[in-house]
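Please look over the chain shown below before reading the briefing that follows. The notes are grouped by topic and can be read beside the structure.

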Amino acid sequence: MTEELKLHIKKLQNRATLSLIAILSTIISIGFGILFLFVPSFVAIIFFAIAIISILYLIYCSRVAKKEAKEIVYKPVVFSANKNFSFEEIVGVFENLTDKENQLSTSNDVLFFRLNKIFKLRTVLYRTEDFNKKDFDNAKDRINKKANKELNISQWVNRMEAGNMMRFNIIYTNILNDALYQFVSQNATRNLTRVEGIINIAIVSNQILIPPIYGECDLAEISRYKGVIKFINQVLLNR
């Protein structure tokens, strides 16, 4: 992870932490403000003032995040290896992390793996010569349906368990065309907010690309994003 990426994530994390504190402060202050409203003292005014300051801070943070998202052009985050990745090598990495009962495929180019490594993880590995979003979605939907049926994967999980669940969609190709570049340029928070987080990953030559993260993020989304980076560094780069 580059120093620039570290600083960016740290900034998002600090802002998310302060926003959470402001939210809790608002709720608590309003509660105590109402409680002391019926007592002849200035305590209620103090609590309401704290609530107003917290709300103003939340509004400020929201505006800053939206301004950044609008004015800054965010590009995919790129991790580079010392040599090109082969599709067979990536398949081998995931086969070594799983057993046969948690592997399946719909073709030689579309494979599914279920494993526990940093996350409770579902991975779709998809190979293409020329990425097309519609073709990818169709292939992904087919193998996920097959996995749900053959591996008896429940669509219902409790919220505590879901916090550690992720889906990796890994697209392997030799050419980074415009469609794929746009696909991995979308804000990662769009999918990390889901109950079961999703990250789209592209592997091209010696590079691994993941979507950038920016704008309004909460601590759970940032934690998942950091987990994705950890997985890439530990599993894919240090292979």
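Which backbone oxygen lies 3.4 Å from a polar atom of the side chain of Gln103? It is the backbone oxygen of Asp99, the two atoms forming a polar contact (a pair of N or O atoms within 3.5 Å; within protein, one must be able to donate a hydrogen and the other to accept it, and residues adjacent in sequence count only if both atoms are side-chain atoms).

This is a predicted model, in which local features need pLDDT of at least 70 and side-chain atom pairs count only at pLDDT 80 or more, while totals for chains, interfaces and linings use all residues. Residues are numbered from 1 along each chain as its sequence is written, and side-chain values use heavy atoms, with hydrogens and water left out.

**The chain as a whole**

- The secondary structure comes to eight helices and seven strands, where helices (H or I, at least four residues) and strands (E, at least two) are DSSP runs numbered from the N terminus.
- Of the 239 residues of the chain, 44% count as buried; buried means under 20% relative accessible area, exposed over 50%, and partly exposed in between, with a 1.4 Å probe and protein chains only.
- Among contacts (heavy atoms within 4.5 Å) between residues at least 6 apart in sequence, 73% join residues at least 24 apart.
- Taken along the principal axes, the C-alpha atoms fill a box of roughly 75 × 40 × 30 Å.

**Gln103 and its surroundings**

- Gln103 lies in strand S2, which covers residues 103-107, and it counts as buried because its relative accessibility is 16%.
- A polar atom of the Gln103 side chain also lies 3.5 Å from the backbone oxygen of Glu95.
- Leaving aside residues up to four places away in sequence, Gln103 touches Glu95, Thr98, Phe112 and Phe113.

**Helix H1**

- Helix H1 (residues 3-36) has 34 residues, which at 1.5 Å a residue should span 50 Å, and its end C-alpha atoms are 48 Å apart, in agreement with that value; the expected span is 1.5 Å times one less than the number of residues.
- The buried residues of H1 include Leu5, His8, Ile9, Leu12 and Arg15, and what covers the buried residues of this helix includes helix H2 (43-71), strand S1 (77-80) and H8.

- Asp218 caps the N-terminal end of H8, with a side-chain oxygen 3.1 Å from the backbone nitrogen of Ala220.
- Among the buried residues of H8 are Glu221, Arg224, Phe231, Val235 and Leu236.
- The axes of helix H3 (residues 87-97) and H8 come within 10 Å and cross at roughly 100°, which means that H3 is roughly perpendicular to H8.
- In this contact, Ile90, Val93, Phe94 and Leu97 in H3 meet Phe231, Val235 and Leu236 in H8, and the residues divide into seven nonpolar, no polar and no charged. Ala, Val, Leu, Ile, Met, Phe, Trp, Tyr, Cys and Pro count as nonpolar, Asp, Glu, Lys and Arg as charged, and the others, Gly among them, as polar.

**Loop residues with positive phi**

- Ile118, in the loop between strand S3 (110-117) and strand S4 (119-127), has a phi near 70°, a positive value in a residue other than glycine.
- Ser205, in the loop between strand S6 (197-204) and strand S7 (207-210), has a positive phi of about 55° although it is not a glycine.

How values were computed:
Axes fitted to C-alpha atoms, helices over the stretch in contact; angles between N-to-C directions. Parallel < 35°, antiparallel > 145°, perpendicular 65-115°, else oblique.
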